[in-house]
Amino acid sequence: MNASKQIEFEPELKLGIQNMWYPICQSGHVKERPLGLQRLGHDIVVWRDPHGKIRVHDDRCLHRGAKLSVGMVVDGVLRCAYHGWCYDTSGQCVAIPTSKIAQAKLAPRLQLESFEAHERAGLVWAYFPEDRSVPVPPLVIPEELEDPEYSGFICEAEWGANWILIMENLADPMHGPFLHGQSLTLSRGALEDDMRTTRSPDGFLVEREGQRGVNFDWSEFYCRDSIWVRLDIPLPFGPKGILRILCFATPINEDRSLVYFLRYRKLSGFKRAYWRFLYRTFWVNQHQKVIEQDRVILESLRGAQSRAAEHLANSDRGVTELRKFLREKVACRSQR
Ligand code: FES
Ligand SMILES: [Fe+2]
(Lines give C-alpha, C1' and ligand atoms only; values in the text may rest on other atoms or scores of the structure.)
(Ligands and ions follow the chains in the order given, each with its own letter.)
Protein backbone atom coordinates (compact mmCIF):
# COMPACT_ATOMS: atom_id res chain seq x y z
CA MET A 1 0.00 0.00 0.00
CA ASN A 2 1.19 3.49 -0.81
CA ALA A 3 2.14 5.03 2.56
CA SER A 4 1.40 8.57 1.32
CA LYS A 5 -2.23 7.78 0.41
CA GLN A 6 -4.77 9.73 2.46
CA ILE A 7 -6.74 7.32 4.62
CA GLU A 8 -10.07 8.17 6.27
CA PHE A 9 -12.10 6.30 8.86
CA GLU A 10 -15.29 4.77 7.49
CA PRO A 11 -17.72 7.72 6.98
CA GLU A 12 -20.58 5.90 8.71
CA LEU A 13 -18.34 5.15 11.73
CA LYS A 14 -15.99 8.08 12.22
CA LEU A 15 -18.45 10.16 14.27
CA GLY A 16 -19.86 7.17 16.12
CA ILE A 17 -22.68 4.78 15.28
CA GLN A 18 -26.06 6.51 15.00
CA ASN A 19 -29.20 5.20 16.74
CA MET A 20 -27.23 4.50 19.91
CA TRP A 21 -27.02 5.69 23.50
CA TYR A 22 -23.79 7.32 24.64
CA PRO A 23 -22.63 8.75 27.99
CA ILE A 24 -22.25 12.49 27.32
CA CYS A 25 -21.14 13.92 30.68
CA GLN A 26 -21.29 13.39 34.41
CA SER A 27 -24.59 14.13 36.16
CA GLY A 28 -22.88 16.39 38.68
CA HIS A 29 -21.57 18.63 35.88
CA VAL A 30 -25.08 19.76 34.88
CA LYS A 31 -26.03 22.43 37.39
CA GLU A 32 -28.26 25.50 37.11
CA ARG A 33 -26.56 26.92 34.01
CA PRO A 34 -26.94 25.25 30.60
CA LEU A 35 -23.92 23.25 29.53
CA GLY A 36 -22.63 23.38 25.94
CA LEU A 37 -21.02 20.19 24.65
CA GLN A 38 -19.97 18.67 21.37
CA ARG A 39 -20.83 14.97 21.04
CA LEU A 40 -20.84 12.84 17.85
CA GLY A 41 -20.08 16.05 15.98
CA HIS A 42 -23.29 17.75 17.21
CA ASP A 43 -23.26 20.92 19.29
CA ILE A 44 -25.71 20.18 22.08
CA VAL A 45 -27.00 22.08 25.09
CA VAL A 46 -27.67 20.12 28.28
CA TRP A 47 -29.84 21.66 31.00
CA ARG A 48 -32.06 20.78 33.93
CA ASP A 49 -35.75 21.64 33.99
CA PRO A 50 -37.42 22.81 37.25
CA HIS A 51 -38.10 19.15 38.18
CA GLY A 52 -34.42 18.33 37.89
CA LYS A 53 -34.87 16.32 34.67
CA ILE A 54 -32.07 16.57 32.14
CA ARG A 55 -32.96 18.05 28.74
CA VAL A 56 -30.75 17.89 25.68
CA HIS A 57 -31.26 19.97 22.52
CA ASP A 58 -29.42 21.21 19.50
CA ASP A 59 -27.26 24.10 20.77
CA ARG A 60 -28.37 26.62 18.12
CA CYS A 61 -31.02 29.23 18.62
CA LEU A 62 -33.55 29.16 15.76
CA HIS A 63 -33.44 32.96 15.50
CA ARG A 64 -29.87 33.71 14.44
CA GLY A 65 -27.98 30.60 15.51
CA ALA A 66 -26.41 31.80 18.77
CA LYS A 67 -25.37 29.05 21.15
CA LEU A 68 -28.16 28.46 23.65
CA SER A 69 -25.60 27.18 26.14
CA VAL A 70 -24.46 30.81 26.49
CA GLY A 71 -27.99 31.65 27.70
CA MET A 72 -29.75 30.67 30.88
CA VAL A 73 -32.69 28.77 32.32
CA VAL A 74 -35.40 31.22 33.44
CA ASP A 75 -38.76 30.12 34.88
CA GLY A 76 -38.31 26.62 33.51
CA VAL A 77 -37.47 27.59 29.93
CA LEU A 78 -34.18 27.95 28.12
CA ARG A 79 -33.59 31.58 27.18
CA CYS A 80 -31.18 32.62 24.45
CA ALA A 81 -28.71 35.27 25.59
CA TYR A 82 -28.80 37.19 22.29
CA HIS A 83 -32.41 38.43 21.92
CA GLY A 84 -34.23 36.43 24.59
CA TRP A 85 -36.10 33.84 22.51
CA CYS A 86 -37.23 31.02 24.84
CA TYR A 87 -37.66 27.26 24.41
CA ASP A 88 -39.55 24.84 26.65
CA THR A 89 -38.49 21.36 27.75
CA SER A 90 -39.67 19.85 24.44
CA GLY A 91 -37.61 22.38 22.47
CA GLN A 92 -40.72 24.30 21.40
CA CYS A 93 -40.13 28.03 20.95
CA VAL A 94 -42.48 29.64 23.46
CA ALA A 95 -41.41 33.28 23.57
CA ILE A 96 -40.15 35.88 21.10
CA PRO A 97 -40.03 38.95 23.34
CA THR A 98 -38.97 41.34 20.56
CA SER A 99 -42.10 40.92 18.43
CA LYS A 100 -45.73 40.15 19.32
CA ILE A 101 -46.46 39.16 15.70
CA ALA A 102 -43.51 36.75 15.56
CA GLN A 103 -44.51 35.37 18.95
CA ALA A 104 -48.01 34.59 17.63
CA LYS A 105 -47.18 33.43 14.12
CA LEU A 106 -43.57 32.22 14.04
CA ALA A 107 -42.88 30.73 17.50
CA PRO A 108 -45.46 27.89 17.19
CA ARG A 109 -43.66 26.67 14.06
CA LEU A 110 -40.21 26.53 15.64
CA GLN A 111 -38.92 23.57 17.61
CA LEU A 112 -35.36 22.69 18.53
CA GLU A 113 -34.06 19.24 17.76
CA SER A 114 -34.22 17.24 21.03
CA PHE A 115 -32.32 14.20 22.22
CA GLU A 116 -33.69 11.60 24.66
CA ALA A 117 -31.63 11.62 27.83
CA HIS A 118 -31.40 9.75 31.13
CA GLU A 119 -29.25 9.96 34.22
CA ARG A 120 -27.94 6.64 35.45
CA ALA A 121 -24.85 5.54 37.36
CA GLY A 122 -23.71 9.14 37.80
CA LEU A 123 -23.68 9.83 34.06
CA VAL A 124 -25.96 11.55 31.57
CA TRP A 125 -26.78 9.31 28.61
CA ALA A 126 -28.20 10.64 25.35
CA TYR A 127 -29.62 8.87 22.33
CA PHE A 128 -28.41 10.04 18.91
CA PRO A 129 -31.04 9.09 16.33
CA GLU A 130 -30.53 8.82 12.62
CA ASP A 131 -34.21 8.41 11.88
CA ARG A 132 -36.55 10.15 14.33
CA SER A 133 -39.55 8.10 13.23
CA VAL A 134 -38.02 4.98 14.81
CA PRO A 135 -38.85 4.50 18.53
CA VAL A 136 -35.96 5.05 20.94
CA PRO A 137 -34.82 1.70 22.41
CA PRO A 138 -34.42 1.32 26.19
CA LEU A 139 -31.05 2.35 27.59
CA VAL A 140 -29.05 -0.71 28.61
CA ILE A 141 -25.92 -0.19 30.72
CA PRO A 142 -23.53 -2.73 32.26
CA GLU A 143 -25.20 -4.45 35.23
CA GLU A 144 -22.24 -3.79 37.56
CA LEU A 145 -23.04 -0.05 37.46
CA GLU A 146 -26.34 -0.54 39.30
CA ASP A 147 -25.59 -3.68 41.30
CA PRO A 148 -25.33 -2.84 45.02
CA GLU A 149 -22.71 -5.58 45.41
CA TYR A 150 -20.38 -3.45 43.33
CA SER A 151 -18.86 -0.14 44.28
CA GLY A 152 -17.05 2.12 41.87
CA PHE A 153 -15.60 5.40 40.69
CA ILE A 154 -15.96 7.38 37.48
CA CYS A 155 -12.77 8.30 35.64
CA GLU A 156 -13.31 10.77 32.78
CA ALA A 157 -10.88 12.15 30.24
CA GLU A 158 -10.81 13.84 26.84
CA TRP A 159 -8.33 12.43 24.36
CA GLY A 160 -7.21 13.81 20.99
CA ALA A 161 -8.00 10.57 19.18
CA ASN A 162 -10.88 9.20 17.16
CA TRP A 163 -13.14 6.87 19.17
CA ILE A 164 -12.35 3.93 16.85
CA LEU A 165 -8.67 4.06 17.90
CA ILE A 166 -9.75 4.01 21.55
CA MET A 167 -11.90 0.95 20.93
CA GLU A 168 -9.06 -0.72 19.02
CA ASN A 169 -6.76 -0.10 21.97
CA LEU A 170 -9.27 -1.90 24.21
CA ALA A 171 -9.37 -4.84 21.77
CA ASP A 172 -5.61 -5.16 22.04
CA PRO A 173 -4.60 -6.81 25.35
CA MET A 174 -1.01 -7.37 24.13
CA HIS A 175 -0.17 -3.68 24.59
CA GLY A 176 -0.56 -4.15 28.38
CA PRO A 177 2.83 -5.63 29.32
CA PHE A 178 4.66 -3.27 26.92
CA LEU A 179 3.04 0.17 27.12
CA HIS A 180 2.19 -0.32 30.79
CA GLY A 181 5.09 -2.64 31.60
CA GLN A 182 6.40 -0.41 34.40
CA SER A 183 3.04 -0.06 36.12
CA LEU A 184 2.00 -1.70 39.39
CA THR A 185 -0.98 -3.40 37.81
CA LEU A 186 0.03 -4.37 34.28
CA SER A 187 3.66 -5.45 34.44
CA ARG A 188 3.18 -9.20 34.88
CA GLY A 189 2.83 -12.07 32.43
CA ALA A 190 4.25 -13.32 29.16
CA LEU A 191 5.23 -10.89 26.43
CA GLU A 192 4.24 -13.28 23.67
CA ASP A 193 0.87 -14.93 23.16
CA ASP A 194 -1.76 -15.91 20.64
CA MET A 195 -5.16 -14.28 20.65
CA ARG A 196 -8.59 -15.79 20.22
CA THR A 197 -11.87 -14.02 19.45
CA THR A 198 -15.36 -15.40 20.03
CA ARG A 199 -18.60 -13.80 18.82
CA SER A 200 -21.61 -13.40 21.10
CA PRO A 201 -25.14 -12.24 20.12
CA ASP A 202 -24.25 -8.59 20.80
CA GLY A 203 -20.49 -8.40 20.55
CA PHE A 204 -17.38 -10.47 20.94
CA LEU A 205 -14.70 -11.56 23.35
CA VAL A 206 -11.00 -11.16 22.66
CA GLU A 207 -8.68 -13.13 24.92
CA ARG A 208 -5.11 -14.24 25.27
CA GLU A 209 -4.75 -17.99 24.76
CA GLY A 210 -1.85 -18.42 27.15
CA GLN A 211 -2.85 -16.57 30.32
CA ARG A 212 -5.83 -15.40 32.33
CA GLY A 213 -6.02 -13.47 35.58
CA VAL A 214 -2.43 -12.20 35.27
CA ASN A 215 -2.63 -8.93 33.34
CA PHE A 216 -5.14 -7.26 31.00
CA ASP A 217 -5.82 -10.68 29.44
CA TRP A 218 -9.25 -10.32 27.84
CA SER A 219 -11.87 -7.77 26.90
CA GLU A 220 -15.52 -8.16 26.09
CA PHE A 221 -17.27 -5.88 23.58
CA TYR A 222 -20.96 -5.17 23.85
CA CYS A 223 -22.70 -3.31 21.06
CA ARG A 224 -26.45 -3.24 20.59
CA ASP A 225 -28.11 0.13 21.34
CA SER A 226 -25.11 1.25 23.37
CA ILE A 227 -21.46 0.26 23.13
CA TRP A 228 -18.97 -0.55 25.86
CA VAL A 229 -16.02 -2.75 26.73
CA ARG A 230 -15.69 -4.78 29.90
CA LEU A 231 -12.31 -5.94 31.19
CA ASP A 232 -10.64 -7.06 34.41
CA ILE A 233 -7.33 -6.02 35.91
CA PRO A 234 -5.94 -8.10 38.79
CA LEU A 235 -4.84 -5.83 41.65
CA PRO A 236 -1.79 -7.15 43.56
CA PHE A 237 -2.87 -5.55 46.86
CA GLY A 238 -5.10 -2.97 48.41
CA PRO A 239 -7.09 -5.32 48.72
CA LYS A 240 -5.92 -7.99 46.30
CA GLY A 241 -8.44 -9.09 43.65
CA ILE A 242 -10.20 -8.13 40.45
CA LEU A 243 -10.78 -4.53 39.39
CA ARG A 244 -13.52 -4.51 36.77
CA ILE A 245 -13.39 -1.68 34.27
CA LEU A 246 -16.30 -0.64 32.06
CA CYS A 247 -14.99 1.49 29.21
CA PHE A 248 -16.87 3.92 26.98
CA ALA A 249 -15.64 6.18 24.18
CA THR A 250 -18.05 8.90 23.05
CA PRO A 251 -16.95 10.75 19.92
CA ILE A 252 -16.68 14.51 20.36
CA ASN A 253 -15.70 15.00 16.74
CA GLU A 254 -13.57 13.09 14.28
CA ASP A 255 -10.36 13.85 16.18
CA ARG A 256 -11.44 13.93 19.84
CA SER A 257 -13.26 11.61 22.20
CA LEU A 258 -14.66 11.62 25.69
CA VAL A 259 -13.54 8.47 27.49
CA TYR A 260 -14.94 6.89 30.62
CA PHE A 261 -13.27 4.20 32.64
CA LEU A 262 -15.75 3.18 35.33
CA ARG A 263 -13.73 1.24 37.89
CA TYR A 264 -15.78 -1.16 39.97
CA ARG A 265 -15.09 -3.80 42.57
CA LYS A 266 -17.33 -6.47 44.08
CA LEU A 267 -16.42 -5.93 47.71
CA SER A 268 -18.37 -5.49 50.92
CA GLY A 269 -17.80 -4.35 54.49
CA PHE A 270 -14.33 -3.38 55.58
CA LYS A 271 -12.71 -4.42 52.28
CA ARG A 272 -15.00 -2.08 50.35
CA ALA A 273 -14.29 0.85 52.65
CA TYR A 274 -10.55 0.08 52.58
CA TRP A 275 -10.44 -0.05 48.78
CA ARG A 276 -12.47 3.16 48.44
CA PHE A 277 -10.05 4.89 50.80
CA LEU A 278 -6.99 3.51 48.99
CA TYR A 279 -8.49 4.35 45.60
CA ARG A 280 -8.83 8.01 46.53
CA THR A 281 -5.44 8.26 48.20
CA PHE A 282 -3.32 5.94 46.05
CA TRP A 283 -4.86 3.92 43.21
CA VAL A 284 -6.36 6.83 41.33
CA ASN A 285 -2.90 8.27 40.66
CA GLN A 286 -1.52 4.89 39.57
CA HIS A 287 -4.43 4.34 37.18
CA GLN A 288 -4.05 7.90 35.93
CA LYS A 289 -0.44 7.20 34.90
CA VAL A 290 -1.59 4.13 32.97
CA ILE A 291 -4.34 5.87 31.02
CA GLU A 292 -2.01 8.77 30.34
CA GLN A 293 0.28 6.27 28.57
CA ASP A 294 -2.71 5.18 26.48
CA ARG A 295 -3.59 8.78 25.66
CA VAL A 296 -0.07 9.67 24.55
CA ILE A 297 0.31 6.60 22.34
CA LEU A 298 -3.15 6.95 20.74
CA GLU A 299 -2.62 10.65 20.05
CA SER A 300 0.68 9.69 18.37
CA LEU A 301 -1.06 7.47 15.80
CA ARG A 302 -2.09 10.27 13.36
CA GLY A 303 -5.74 9.22 13.23
CA ALA A 304 -6.86 7.06 10.34
CA GLN A 305 -3.53 7.69 8.61
CA SER A 306 -2.00 5.09 10.93
CA ARG A 307 -3.76 2.47 8.82
CA ALA A 308 -1.84 3.49 5.69
CA ALA A 309 1.36 1.76 6.70
CA GLU A 310 0.25 -0.74 9.33
CA HIS A 311 1.17 -4.43 9.33
CA LEU A 312 -1.18 -6.44 11.52
CA ALA A 313 0.03 -9.63 13.21
CA ASN A 314 -1.66 -12.57 15.00
CA SER A 315 -1.61 -10.58 18.22
CA ASP A 316 -3.85 -7.98 16.57
CA ARG A 317 -6.72 -10.40 16.12
CA GLY A 318 -8.90 -8.30 18.43
CA VAL A 319 -8.32 -5.18 16.31
CA THR A 320 -9.23 -7.04 13.12
CA GLU A 321 -12.34 -8.51 14.72
CA LEU A 322 -13.44 -5.10 16.00
CA ARG A 323 -13.12 -3.50 12.55
CA LYS A 324 -15.09 -6.35 11.02
CA PHE A 325 -17.72 -6.21 13.75
CA LEU A 326 -18.26 -2.43 13.45
CA ARG A 327 -18.51 -2.56 9.65
CA GLU A 328 -21.09 -5.36 9.89
CA LYS A 329 -23.01 -3.41 12.52
CA VAL A 330 -23.41 -0.29 10.41
CA ALA A 331 -24.07 -2.32 7.25
CA CYS A 332 -26.90 -4.17 8.96
CA ARG A 333 -28.36 -0.91 10.33
CA SER A 334 -28.36 0.70 6.89
CA GLN A 335 -30.31 -2.29 5.51
CA ARG A 336 -33.15 -1.82 8.02
S1 FES B 1 -29.99 34.40 18.25
FE2 FES B 1 -31.16 33.64 19.87
S3 FES B 1 -32.57 35.17 20.30
FE4 FES B 1 -31.47 35.95 18.63
FE1 LIG C 1 -3.71 0.61 27.87
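Visitor: Which side chain meets that of Glu144 in a salt bridge, and at what N to O distance?

Guide: The partner of Glu144 is Arg244, and their side chains meet in a salt bridge at 3.0 Å, N to O (a side-chain nitrogen of Lys or Arg within 4 Å of a carboxyl oxygen of Asp or Glu). This pair links distant parts of the chain, 100 residues apart: Glu144 lies in the loop between strand 11 (123-128) and strand 12 (150-159), and Arg244 in strand 17 (residues 241-251) (DSSP runs numbered from the N terminus, helices being H or I of at least four residues and strands E of at least two). Both Glu144 and Arg244 are buried (under 20% relative accessible area; exposed is over 50%, partly exposed in between; 1.4 Å probe, protein chains only). The model is predicted, with pLDDT of at least 70 required for local features and 80 or more for side-chain atom pairs, while totals use all residues. Residues are numbered from 1 along each chain, and side-chain values use heavy atoms.

A second pair, Arg307 and Glu168, meets at 3.3 Å, N to O, again in a salt bridge. Here too distant parts of the chain are linked, 139 residues apart: Arg307 belongs to the loop between helix 4 (269-299) and helix 5 (317-334), whereas Glu168 sits in helix 2 (residues 163-170). Arg307 counts as buried at 12% relative accessibility, as does Glu168 at 8%. Through shared partners, salt bridges join Glu10, Glu168, Arg307, Glu310, Arg323 and Arg327 into one network.

Asp49 is buried, with a relative accessible area of 6%, but Arg55, at 21%, counts as partly exposed. The structure holds 26 salt bridges.

Definitions and conventions
Chains lettered and ligands numbered in written order.
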